[in-house]
Amino acid sequence: MPRKSAFDENGLRGTIEQRVSEIQELYRSDSCPWVIGYSGGKDSTAVLQLVWLALEGLPVEERTKTVEVISTDTLVENPIVAQWVARSLDT
């Protein structure tokens, strides 16, 4: 039996578009600031990219909410990952 995928129903592009739309809806629903935790791993990178795409897709006049991205170096991360996180946050 073939394995199920999160993308089976709408495909990768459709799934991303759906998530971006949901994030835009949530963003517009209130004025509470957002804080996004970023570790440089695949999950936090995907979340941050989806939020970025969602905000980028909004008209400038609708981008009113503060969005902060935070990262904490616990000093036990792989040095390569720590450098990646630092560089990507600077970018």
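Visitor: Leaving aside neighbours within four places in sequence, with which residues is T15 in contact?

Guide: The model is predicted: local features need pLDDT of at least 70 and side-chain atom pairs pLDDT 80 or more, while totals for chains, interfaces and linings use all residues. Residues are numbered from 1 along each chain as its sequence is written, and side-chain values use heavy atoms, without hydrogens and water. With contact taken as heavy atoms within 4.5 Å, T15 has as its partners beyond those neighbours A6, F7 and N10.

Visitor: Is T15 buried or exposed?

Guide: T15 is found in helix α1 (helices are DSSP runs of H or I of at least four residues, strands are runs of E of at least two, both numbered from the N terminus). Its relative accessible area is 9%, and the cut-offs are under 20% for buried, over 50% for exposed and partly exposed in between, with a 1.4 Å probe and protein chains only. T15 is therefore buried.

Visitor: How are α1 and α2 oriented relative to each other?

Guide: The axes of α1 (residues 11–28) and α2 (residues 42–56) come within 8 Å and cross at roughly 70°; axes are lines fitted to C-alpha atoms over the stretch in contact, with angles from 0 to 180 degrees between N-to-C directions. Angles under 35 degrees count as roughly parallel, over 145 as roughly antiparallel, 65 to 115 as roughly perpendicular and the rest as oblique. The two helices are therefore roughly perpendicular.

Visitor: Which residues make the contact of α1 with α2, and how many are nonpolar?

Guide: From α1 come I16, R19, V20, I23, Q24 and Y27, and from α2 come L50, V51, L53, A54 and L55. Ala, Val, Leu, Ile, Met, Phe, Trp, Tyr, Cys and Pro count as nonpolar, Asp, Glu, Lys and Arg as charged, and the others, Gly among them, as polar. By these classes the contact has 1 charged and 1 polar residue, and its nonpolar residues number 9.

Visitor: In which sense do β1 and β2 pair, and what is the bridge partner of V35?

Guide: Strands β1 (residues 34–37) and β2 (residues 67–70) are joined over 4 bridges, in the parallel sense; pairing requires at least two DSSP bridges. In β2, the partner of V35 is E68.

Visitor: Leaving aside neighbours within four places in sequence, with which residues is I70 in contact?

Guide: I70 lies in strand β2 and is partly exposed, with a relative accessible area of 46%. Leaving those neighbours aside, I70 touches V35, I36, G37 and Y38.

Visitor: What distance separates the C-alpha atoms of S88 and T45?

Guide: S88 lies in helix α3 (residues 79–90) and is partly exposed, at 24% relative accessible area. S88 and T45 are 43 residues apart in sequence, and their C-alpha atoms are separated by 10.0 Å.

Visitor: What distance separates the C-alpha atoms of Q18 and A86?

Guide: Q18 is found in helix α1 and, at 35% relative accessibility, counts as partly exposed. Q18 and A86 are 68 residues apart along the chain, and the C-alpha separation is 30 Å.
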